[in-house]
Amino acid sequence: MSKILILGASSELGQALITAIDGQYDEVICHYRSNEKALLALQIDLKSQLTLIQADFADEKSTHDFAQRIATIQDIVSVVHLHSVPLDPNSFKKSDWAE
């Protein structure tokens with residue numbers, strides 16, 4: 001049983017990837033921060049099973065909980081990282097290094 005982990009799966013790019021690889025993996029493990037609705041809607045028409053896991057990587061406890069849950073899943077053969085921090089392009093010049 002092969003599985004793929006997609007970080008940032010609810011993004012438009014993540015959704016397009018999930019659609020493109022449908023049927024190539026038995027299970028697609030989808031990380032999302034807040035857009036669960038997009039993945040639930042996508043799941044209706046797919047052959048592959050989607051497993052949705054919420055985590056906010058800006059939050060230490062949420063990240064730790066996510067890592068612990070992923071560590072229990074066997075047979076992940078691929079990982080795609082599409083995660084990004086929400087940016088406000090209008091304030092980019094005003095942001096500090098930590099942001």
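**View 1. Strands β1 and β2 pair side by side in the parallel sense.** In this close-up of a predicted model, β1 covers residues 3-7 and β2 covers residues 27-32, and the two are joined over four bridges. Strands here are DSSP runs of E with at least two residues, and helices are runs of H or I with at least four, both numbered from the N terminus; two strands count as paired if DSSP finds at least two bridges between them. Look for L5, which stands opposite I29 in β2.

**View 2. Four strands make up an open, parallel sheet.** Their order is β3-β2-β1-β4. At the edges lie β3 (49-54) and β4 (76-81), each pairing on one side only. From one strand to the next, the twist averages 20°. Angles run from 0 to 180 degrees between N-to-C directions, with axes fitted as lines to C-alpha atoms, for helices over the stretch in contact.

View 3. Contact means heavy atoms within 4.5 Å.

**View 4. E27 sits in strand β2.** E27 is buried because its relative accessible area is 9% (buried is under 20%, exposed over 50%, partly exposed in between; 1.4 Å probe, protein chains only). Beyond neighbours within four places in sequence, E27 contacts M1, S2, K3, I4, Q49 and T51.

**Notes.** Residues are numbered from 1 along each chain as its sequence is written, and side-chain values use heavy atoms, leaving out hydrogens and water. Local features need pLDDT of at least 70 and side-chain atom pairs count only at pLDDT 80 or more, while totals for chains, interfaces and linings use all residues.
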